[in-house]
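Let's take a walk through this structure together.

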Amino acid sequence: MKASKVAYKPVGLALGAGAGLLAGALFKEVWKLAGHQDDAPDATDEDRRWREILIAAAIQGAIFALVKAAVQRSGAVAVRRVSGTWPA
């Protein structure tokens, strides 16, 4: 295994945790704007309609995937700048 890949592992884990926190906060704000409610519906929320639950899940999934990809890519670019090799 390449040294840059081994060195990137802890960086990648830390970036992943940060990305999760960032994506969660971003989703809450987007849901407030889109849904006009403070909390997104849970799948088991009896008082919410299917449509609302599925829309919330789709928005949340898209935001998490976008933030994760952006953070991982930025981390890999930063590792290449420091080490001169791509961490994959």
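Start with E29, which counts as partly exposed at 45% relative accessibility. What does "partly exposed" mean here? A residue is buried when its relative accessible area is under 20%, exposed when it is over 50%, and partly exposed in between, using a 1.4 Å probe and protein chains only.

Before going on, a word on where these values come from. This is a predicted model, so local features need a pLDDT of at least 70 and side-chain atom pairs count only at pLDDT 80 or more, while totals for chains, interfaces and linings use all residues. Residues are numbered from 1 along each chain as its sequence is written, and side-chain values use heavy atoms, with hydrogens and water left out.

Back to E29. Its side chain meets that of K32 in a salt bridge, with N and O 3.6 Å apart. By salt bridge we mean a side-chain nitrogen of Lys or Arg within 4 Å of a carboxyl oxygen of Asp or Glu. K32 is partly exposed too, with a relative accessible area of 36%. Both residues belong to helix α1, which covers residues 3-35, and they sit 3 residues apart, about one turn of the helix. Helices here are DSSP runs of H or I with at least four residues, strands are runs of E with at least two, and the numbering goes from the N terminus.

Now zoom out to the whole chain. How many helices and strands are there? The secondary structure comes to 2 helices and 0 strands. The radius of gyration is 17 Å, well over the 12 Å that the globule rule gives for 88 residues, so the chain is more spread out than a compact globule. That radius is taken over C-alpha atoms, and the globule rule is 2.2 Å times the number of residues to the power 0.38.

What about the surface? Of the 88 residues, 19% count as buried. The accessible surface comes to about 6500 Å², and 62% of that belongs to carbon and sulfur atoms. These areas come from the Shrake-Rupley method with a 1.4 Å probe, and for residues only the protein chains shown count as cover.

Next, look at charge. The chain carries 12 positive and 8 negative side chains, and the centres of the two sets lie 23 Å apart. Lys and Arg count as positive, Asp and Glu as negative, with His and the chain ends not counted; each charge is placed at NZ of Lys, CZ of Arg, CG of Asp or CD of Glu.

A search of the whole structure finds 3 salt bridges. Now find R48. Its side chain meets that of D45 in a salt bridge at 3.5 Å, N to O, and R48 also forms a salt bridge with E52, where the closest N and O atoms are 3.2 Å apart. D45, R48 and E52 are therefore linked in a network of salt bridges, given the cut-off above. Each of them counts as partly exposed: D45 at 26%, R48 at 21% and E52 at 22%.

Let's move on to helix α2, which spans residues 50-83 and holds Q60. Q60 is partly exposed at 34% relative accessibility. Although Q60 and F27 are 33 residues apart in sequence, their C-alpha atoms are 5.9 Å apart in space.

V67 also has its place in helix α2. Is V67 buried or exposed? V67 is buried, with a relative accessible area of 7%. Leaving aside its neighbours within four places in sequence, V67 is in contact with A19, L22, A23 and L26, where contact means heavy atoms within 4.5 Å. Across the chain, among contacts between residues at least 6 apart in sequence, 57% join residues at least 24 apart.

Other pairs show what separation looks like. V67 and R49 are 18 residues apart along the chain, and their C-alpha atoms are separated by 27 Å. A70, in helix α2, is 13 residues from S83 in sequence and 20 Å from it in space, C-alpha to C-alpha. Finally, T85 is found in the segment after α2, and its C-alpha atom is separated by 43 Å from that of A43, 42 residues away along the chain.
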